[in-house]
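I opened this entry to keep track of what I looked up in the model.

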Amino acid sequence: MDEQGYCNLEVDVNGEETFMVDKSIITQYSSKLAKVFGKSSGSSGKLKVIFHDFPGGAEGFELMLRFCYNNGKGNISPSNLLLARCAAEYMEMNESVKNVCNLMDQTEKSLQGISYWSWSEILIALKQCRNLVVEDSCVMLEKCLDAIVGRLVLASEASPCPSTCSNDSSGIRFSCDSKSTESIKTSFTRSAWWFEDLLFLTPQMVVMLVKSMLSSKLDHHVISKFLLYYQKVKFANASTDEKCKIIEMVIDMHYELNQSSVSFKTLFGILRVTLCLNISKNCRNKLENMIGSQLDQVTLDNLLVPSPYGINYLYDVNLVLRFLKAFLRQGNGAVVAPIRMRKVANLIDLYIAEIAPDPCLRTSKFLALATALPDSARDSCDELYHAMDMYLEVHTQLSQDERIKICCGLNYEKLSPQACLHLSKNTKFPSKSAVQALISQQSKLKNLLNATTPISTPYNDSLCGSSGSAQKGKKEKSSEQVVLYAGNFDIPPDNEKLKAHLQGMQCRVMELEKICRKMQTQMAKMTKSKASSHSYGKSLPKLCS
C-alpha cells in the first residue's frame with residue numbers, strides 16, 4: 001500500500017494548519033482519539049477532526065506526531081519539554097505501547113533532570129511556560145522557577161551580597177573608602193547579573209518567582225531591587241492597564257518583604273508612580289501602610305504630594321492623615337517608642353506650617369492634622385502655635401467659633417514664655433485663648449520660682465525694677481496677683497547661667513501678670529452675668545467650652 005493510503009484522517013489544528021495522518025498509528029498512542037474512533041482501524045472514507053484549543057498549536061501537534069510515527073521515541077529537550085508535556089496531557093498519551101514508555105512518562109523523566117540543565121536551558125523552558133497558558137504548565141513552571149532560585153541562592157552563597165545597604169535610597173549609599181566602595185559596587189553588580197535575563201516573565205510569573213525566593217531566604221534587598229528594575233524596564237512600552245498590573249504586583253511583593261529592607265525613598269518612588277494610575281484600593285492601602293510604618297524617617301519634601309485631581313488643596317492632606325493612622329496603629333496596638341513619636345510630631349508640625357497658607361485648606365482638615373497625634377508626642381507646642389498663627393492670618397473670614405475650634409488643638413502648658421507673650425498680643429486669636437495661655441504660663445512659672453529658696457531680703461538687686469516699685473507692687477491688693485520674689489537666689493556662684501535664667505524668668509512672669517490682669521479686667525466687663533463677673537477672678541475661663 002502506498003503512503004497515500006495511510007493518510008485517512010484529516011486534522012485541523014486551531015485553524016493554523018491541517019495535517020493528514022494515519023488514524024491507526026495515532027490512535028495507538030492517544031487514548032483521546034481511540035475513544036472517539038473506537039478500536040476499528042478501518043474506514044470507508046476520510047475522516048476529519050478539528051481541534052480548537054490544542055496546546056502549542058501546530059508546533060505542539062507536529063511534535064506529538066513525530067513521537068507517534070517514530071514508534072514512541074522522541075527527542076525531548078528543555079526547548080520542547082513543556083510542549084511535549086502539554087500535548088501528551090491533551091491527547092491522553094498516558095498508556096505504554098509495545099513496551100515503550102508513553103509520552104507523559106518520558107516528559108516526566110526528562111523534567112526530573114532539571115537540576116542538570118544549564119541556565120539558558122531553564123530560561124528556554126520558562127519562555128515556553130509564558131507562551132503556553134495551560135493547567136499542566138504550572139507544574140513545570142514551578143519546577144523551573146525553583147531551579148532558577150536554586151541557582152541564585154548558590155550564586156549568592158559563593159559571592160554574598162552585602163546586607164548593610166542603606167535604607168535611605170533605592171540605590172546604595174557609600175560611606176567608606178574608595179577601595180571598599182568599589183568592592184561593594186562589584187558585589188551588587190554580581191548580585192544583579194540575572195535581572196536582565198528574567199525580564200520576559202509576566203507579572204504573575206514574577207509573583208511565583210518572588211514567593212520561591214522568599215521561601216529560599218534570598219536577600220530581600222536584592223529582591224526589592226529586581227522588582228524595581230523590572231517595573232522600570234517594563235513601563236517603557238506598557239499600556240496603562242499593563243502598568244497598573246505591574247505596579248500592583250510590585251507593591252504586593254514589597255509588602256511580603258522584611259520592611260527593614262525596603263527604604264522609605266523606595267516606597268515614595270513607587271507612590272509617585274501610582275499617582276497617575278488607577279490601582280486597586282487594596283494595593284494603595286498596602287503602600288500607605290508601609291510608608292506609615294516608617295513615618296519617623298520621612299522628610300518634609302516626601303510629604304509634599306500634590307492633591308489628586310478634583311481637590312482644591314495644594315497638597316494631599318488626606319494622604320498624610322492616612323500615613324499618621326498607619327503609623328499609630330502599627331505593631332498591632334503596641335506603644336510606639338517616644339523618640340519615634342517625637343520625630344513624627346516634629347515632622348507634622350513642619351508639614352502643618354507648610355500647608356497653613358493654603359487659602360483652600362478647610363478648618364476641619366487643619367484641625368485633624370493638629371490633633372492627630374497624642375499630646376505626649378510634643379515637648380513644645382511653639383511650632384504648632386506659629387502654624388496656627390499663619391493659618392488664621394490667611395483665613396481671615398473664619399468665625400469666632402471656628403477660631404476657638406482651631407485653638408482647641410493647642411496645649412498652652414507647652415508654650416514657651418516667648419510664644420505665650422506673642423499670643424497675648426495676637427489679635428488673630430480669640431481673647432479667651434490669650435487669657436488661658438497667660439494663666440497657664442503664670443502658673444507654670446510660679447511653681448518653678450516657688451521651688452527655689454529665696455534669701456531673707458528678696459527685693460535686693462532686682463533686675464526687674466527698683467526696690468521702690470517692688471514695694472509699691474506689694475501693696476496692691478488683687479486676688480489675681482501672684483507675689484513674686486525677684487531677689488538673689490541661693491545658687492552656687494559657679495552657675496551664673498542658671499542664675500541669669502531664673503532672674504530672666506522673674507522678669508517675664510511679672511510682665512505676664514500685668515497683661516493677664518489687664519485682659520481679665522476686660523473680660524470681666526464683657527460678662528453679662530453678675531455671678532460670672534463676681535467669680536471670674538477665681539474661676540479660669542475655659543478655651544473649649
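Is the crossing of α4 and α5 left-handed or right-handed? I found that these two helices cross in the left-handed sense. The model I am reading is a predicted one.

**Entry 1: α4 and α5.** I looked up the geometry next. Helix α4 covers residues 81-90 and helix α5 residues 103-112; their axes come within 9 Å and cross at roughly 150°. Angles over 145 degrees count as roughly antiparallel, and therefore I noted α4 and α5 as roughly antiparallel to each other. I then listed the residues in the contact. From α4 they are Leu-81, Ala-84, Arg-85, Ala-88 and Glu-89, and from α5 they are Leu-103, Met-104, Thr-107, Glu-108, Ser-110 and Leu-111. By class I have six nonpolar, two polar and three charged residues in this contact.

**Entry 2: α11 and α12.** I turned to helix α11 (residues 240-256) and helix α12 (residues 264-274), whose axes come within 11 Å and cross at roughly 155°. That crossing makes α11 roughly antiparallel to α12. The handedness I noted for this pair is left-handed. On the α11 side I listed Ile-247, Val-250, Ile-251 and His-254, which meet Thr-266, Ile-270, Val-273 and Thr-274 of α12. No charged residues take part in the contact of α11 with α12; I have five nonpolar and three polar ones.

**Entry 3: the sheet.** In which order do the three strands of the open sheet lie? I read the order as β2-β1-β3, with mixed pairing. The edge strands are β2 (17-21) and β3 (47-51); each has a single partner strand, so one side of each is left without a neighbour in the sheet. From one strand to the next, I noted an average twist of 20°. Strand β1 (residues 9-13) runs parallel to β3, and five bridges join them. I looked up Val-13 and found Phe-51 in β3 as its bridge partner. Helix α3 (residues 57-69) lies across β1, β2 and β3, and runs at about 15° to β2.

**Entry 4: confidence.** I checked the pLDDT last. The protein chain averages 80, and 73% of the residues score at least 70. Confidence is highest in α11, at 97, and lowest in helix α22 (residues 467-475), at a mean of 42. I also noted residues 1-5, where the pLDDT is below 50 and the stretch has two contacts beyond near neighbours in sequence. Residues 528-545 are also below 50, with 23 such contacts in the model.

Technical notes
Residues are numbered from 1 along each chain as its sequence is written. This is a predicted model: local features need pLDDT of at least 70, side-chain atom pairs count only at pLDDT 80 or more; totals for chains, interfaces and linings use all residues. Side-chain values use heavy atoms; hydrogens and water are left out. Axes are lines fitted to C-alpha atoms, for helices over the stretch in contact, and angles run from 0 to 180 degrees between N-to-C directions. Helices (H or I, at least four residues) and strands (E, at least two) are DSSP runs, numbered from the N terminus. Angles under 35 degrees count as roughly parallel, over 145 as roughly antiparallel, 65 to 115 as roughly perpendicular and the rest as oblique. A crossing is left-handed if the near helix is turned anticlockwise from the far one by less than a right angle, and right-handed if clockwise. Contact means heavy atoms within 4.5 Å. Ala, Val, Leu, Ile, Met, Phe, Trp, Tyr, Cys and Pro count as nonpolar, Asp, Glu, Lys and Arg as charged, and the others, Gly among them, as polar. pLDDT is the predictor's confidence in each residue, from 0 to 100. Two strands pair if DSSP finds at least two bridges between them.
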